[in-house]
Each structure stands twice: as C-alpha cells, then as structure tokens.
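Colleague: I am new to this structure and would like to learn how to read it. Please take me through some features one at a time.

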Amino acid sequence: MKAAIMGYGTIGSGVAETLRINHDVIARRVGEPVELAKVLDVREFEGDPVQPLIVHDYKDIVNDPEIRIVVETMGGVEPAYTFVKAMLEAGKHVTTSNKALVADKGAELIQIAKEHNVNFMFEASVGGGIPIIRSLQSCLTGDVIEYIAGIVNGTTNYMMTEMADKGADFDDVLKEAQDKGFAEKDPTADIEGYDACRKIAILTSLVAGQQVDYQDIPTEGITKISATDIRYARKLGRKVKLLATSRESGDTYACRVAPFLLPPENPLYNVESVFNAVFVHGNILGDGMFYGSGAGKLPTASAVVGDVVEIAKNLDKNIPIEWKAQKLTLADPGEDKYRFFVRATDDQGPIEASFGEVDYVDADIVPGEVGFVTREIKQSDFDKALKTLPGYVNSIRLA
C-alpha cells in the first residue's frame with residue numbers, strides 16, 4: 001500500500017520516521033506494508049532517505065494511481081486546502097495534522113470525502129498524540145458531551161508552569177520557551193490563544209455535529225498574565241492555566257478561550273509544562289480526561305500514523321463523521337457566569353460600590369493595591385461593573 005506526505009517539516013519528517021521505525025508492526029496491523037512513495041516539498045533534502053521520493057508538484061501525487069493515502073502536514077489553509085481537495089476528488093484518502101485547515105474547511109472536506117467514498121481524518125489536529133477526536137467519534141458516540149475543558153497548547157502551558165515555579169516574568173519565560181524550541185519565533189498564535197481557539201472550535205463542531213466558526217469564540221491569551229498575578233494565584237491556592245472551554249447551553253454551546261484560576265481539585269490543575277489534557281463530561285460517562293504529549297514531532301506523528309492505519313483498514317468505505325457545513329450559532333458569551341479575581345487600587349468603597357460583596361485576598365503583594373474575588377456574576381454584568389471601577393489592573397476568571 002502506497003502513501004505520500006505533503007510537507008516535509010517537523011511533523012512530516014516525524015511521520016516518515018514513524019512509518020520506517022514501526023514498519024513491521026504497521027504491516028501486521030494493516031495486513032500489508034505501508035510504503036512511502038512520494039514526498040511533496042519545495043525543498044531538496046540531500047542526504048535524507050526521502051530525497052529520491054521528493055516531488056515539487058502536488059499533481060504528481062494526484063495523478064499517481066498507486067498512492068491511496070496522503071498525509072498533509074504543511075500547515076495553514078492555503079495551499080493545503082487546494083491540495084487536499086484535489087487528493088480527495090482523485091479518490092485518495094487524506095489525514096492531516098493541520099488545525100487551521102480543519103477548523104476552517106473541515107465540514108467541506110468531510111463532505112467531499114463522503115462524495116468520493118474516501119476518508120478525511122484529522123486526529124492530530126487537536127492535542128498532538130492524545131487520542132481525543134477518535135474517542136469522541138467512536139467511544140463516546142452514545143453520550144451527549146455536555147462540557148469540554150482543555151489545556152491544548154503546550155507553549156502557553158509551559159510558560160504558565162515556568163512562571164509559577166520560578167516566579168519569572170512573562171517576557172523572560174517566553175524567550176526561554178523560544179530558546180528551547182517550545183515557542184515559535186512569532187509566538188502570536190500561541191500566546192494570544194488563537195491556536196487553542198481553533199482546537200476548541202474543532203472539538204465543538206464534532207460534538208455539536210455542525211460547523212463552529214472559531215472567529216465567533218471570545219479569545220484571550222496569556223499576554224496580560226504577570227508574575228504578580230501568579231503570586232496572587234499562589235495565595236489563593238490556585239494555578240493559572242489557559243483553558244479552551246465548551247459547554248452545552250440549550251440547543252447550542254458556549255465557548256471561550258481564556259486564562260483561568262484552577263483549584264487543586266480540578267483535574268487539569270496538575271497538567272504541567274508542555275503536556276496537554278482534555279477533560280470531558282458526558283451525560284452518561286460523567287467525567288473523563290485524556291492526557292499526554294500535545295505537540296512535538298513524534299507524538300503528533302503517532303496520531304497521524306494512527307489515522308493512516310485506520311484508513312488502510314477502511315480503504316473501500318467512507319467512515320461517517322457528523323459535521324454539517326451549516327453554521328452553529330453559539331450562545332451569547334455575555335450570559336456566561338463566573339467568579340472573577342480582580343486586582344485594583346486599594347480602596348474598598350469603589351470596589352464594593354461596583355461589585356457589592358466580595359472576598360478580599362489576604363496578601364500584601366503590591367503596595368496600594370488589593371486583590372479580591374467577586375460573587376458569581378454574568379460576564380456582561382462584570383464588564384459593566386468593571387467600567388465603574390477606578391484603578392483597575394487585571395482580572396482572571398475562576399474555574
């Protein structure tokens with residue numbers, strides 16, 4: 001059985017390595033060997049075992065009748081979308097690790113795959129090596145998923161862990177993460193929450209069965225979190241984590257990406273460094289959590305090759321995925337209710353005039369400043385109250 005890879009970067013090379021290292025076990029599980037036949041990239045790779053397989057035109061793969069399975073690891077929406085669509089229309093199965101492509105074009109590509117009796121799979125697009133998508137699609141199809149909360153970005157989780165452990169400032173930890181290869185040269189997608197936003201859009205689309213537009217999800221990153229916020233968090237006995245959340249709300253879902261203060265009893269509290277975890281609550285299952293390596297060359301390649309094996313076992317049939325192109329209108333985020341931790345000028349009169357009864361944090365951390373926790377309040381009411389509060393510094397929701 002012949003396969004091709006489009007994009008020979010970190011993940012693509014990891015897929016080739018996995019197919020090579022686990023060649024025999026994959027052959028046993030599939031029933032025949034899976035051979036890498038072509039690799040699409042704009043570059044040459046002198047000295048690399050794949051150099052003889054390199055092609056520079058995606059049509060070389062489209063027009064090769066022996067290639068049945070294509071792996072897309074290019075990243076971005078274009079030209080990945082054009083290439084993947086062509087592969088599906090040519091009757092080739094596709095698996096991808098590309099969350100931008102899946103979040104933007106997932107419903108359309110699933111439909112094209114169905115029309116051509118092939119499969120479009122994307123396990124590695126959320127949580128790297130964590131088997132969350134197949135679990136939602138097969139193991140938990142008897143459940144209504146009522147709540148999802150995920151730490152789905154390793155860069156930001158590493159940074160929050162380092163800030164908590166070392167008391168370091170944001171900029172210093174970001175530079176350290178970049179030096180260690182945990183953060184991109186341009187870290188915007190990670191630290192502003194855009195990466196996590198696309199991933200919760202994908203998971204919500206799957207559990208809702210229709211398209212969730214990631215641009216409709218209110219998204220805050222970690223750029224406003226300081227070493228001082230971490231010190232307050234410690235006084236509260238909590239940790240700051242960037243969460244991507246989705247909660248059933250009537251006949252739709254309420255989604256959000258933002259930093260949250262987690263208590264020790266929250267199962268995501270101890271998810272540290274570059275690890276990812278996705279917590280789910282089903283109406284029958286109750287609570288469950290999926291934990292593991294959420295990024296990196298080989299963990300992500302593991303998930304991609306898992307899709308390759310699944311496809312190879314189902315070459316002549318389409319495995320249904322419920323994800324309609326009709327857009328889901330999400331719940332009004334202003335109706336979400338939270339308790340908020342707030343930092344402001346140390347003047348209880350204005351604080352209580354704006355928020356009523358609050359719990360003050362017993363901590364002399366910044367002279368002239370106080371931290372307090374509100375009662376549960378709607379997001380829209382909190383936003384209004386905040387406008388009347390003088391000396392506001394920062395706020396974080398409590399989970």
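The dialogue below goes through strands, loops, aromatic rings, salt bridges and a surface patch.

Colleague: What should I know before reading any values?

Modeller: This is a predicted model, in which local features need pLDDT of at least 70 and side-chain atom pairs count only at pLDDT 80 or more, while totals for chains, interfaces and linings use all residues. Residues are numbered from 1 along each chain as its sequence is written, and side-chain values use heavy atoms, with hydrogens and water left out.

Colleague: Which strands does β4 pair with?

Modeller: Helices (H or I, at least four residues) and strands (E, at least two) are DSSP runs, numbered from the N terminus. Two strands pair if DSSP finds at least two bridges between them. Here β4 pairs with strand β1 (residues 2-6) in the parallel sense, over five bridges, and A3 stands opposite I69 in β4. With strand β5 (residues 93-96), β4 also pairs in the parallel sense, over four bridges; there V70 stands opposite V94 in β5.

Colleague: What unit do β4, α4 and β5 make?

Modeller: A crossover is right-handed if, with the strands pointing away from the viewer, the path from the first strand over the helix to the second runs clockwise. In this model, β4, α4 and β5 make a right-handed β-α-β unit.

Colleague: How many of the residues of β4 are buried?

Modeller: Buried means under 20% relative accessible area, exposed means over 50%, and partly exposed lies in between (1.4 Å probe, protein chains only). Five of the six residues of β4 are buried, so the strand is mostly covered.

Colleague: What joins E78 and P79?

Modeller: A cis peptide bond joins them, with omega at about 5°. P79 is in the loop between β4 (67-72) and α4 (80-89). Its relative accessible area is 36%, so P79 is partly exposed. The C-alpha atoms of P79 and T95 are separated by 16 Å, and the two residues are 16 residues apart along the chain.

Colleague: Where do N117 and S273 lie, and what are their phi values?

Modeller: N117 has phi near 55°, a positive value in a residue other than glycine. N117 is in the loop between α5 (99-115) and β6 (120-121), and at 39% relative accessibility it counts as partly exposed. S273 also has a positive phi, near 55°, and is likewise a residue other than glycine. The loop that holds S273 runs between β10 (252-262) and β11 (275-282). S273 counts as partly exposed, at 26% relative accessibility.

Colleague: How is a pair of aromatic rings described?

Modeller: By the distance of the centres and the angle of the planes. Rings of Phe, Tyr and Trp (its six-membered ring) pair if their centres lie within 6.5 Å; planes under 30 degrees apart count as stacked, over 60 as edge-to-face, and the rest as tilted. A search of the whole structure finds 14 aromatic pairs. F120 and F122 have ring centres 5.6 Å apart and planes at 40°, so the pair is tilted. Both F120 and F122 are buried.

Colleague: Which residues form one aromatic cluster?

Modeller: The cluster is formed by F260, Y338, F340, F355, Y360, F372 and F382.

Colleague: How many salt bridges does a search of the whole structure find?

Modeller: A salt bridge is a side-chain nitrogen of Lys or Arg within 4 Å of a carboxyl oxygen of Asp or Glu. The search finds 25. In one of them, the side chains of K378 and E335 meet at 3.3 Å, N to O. That pair links distant parts of the chain, 43 residues apart: K378 is in strand β18 (residues 377-378), and E335 is in the loop between β13 (324-327) and β14 (337-338).

Colleague: Is the pair of R343 and E369 buried or exposed?

Modeller: R343 is buried, with a relative accessible area of 7%, and E369 counts as buried at 11%. The closest N and O atoms of this salt bridge are 2.6 Å apart. R343 lies in strand β15 (residues 340-345) and E369 in strand β17 (residues 369-373), so the pair ties together parts that are 26 residues apart in sequence.

Colleague: Which residues make a nonpolar surface patch?

Modeller: Patches are made of residues with over 30% relative accessible area and no salt bridge; like charges are joined within 9 Å, and nonpolar side chains (Val, Leu, Ile, Met, Phe, Trp, Tyr) within 5 Å. Accessible areas come from the Shrake-Rupley method with a 1.4 Å probe, and for residues only the protein chains shown count as cover. F275, M289 and Y291 make a nonpolar patch of about 270 Å². M289 is in strand β12 (residues 286-293) and is partly exposed, with a relative accessible area of 34%.
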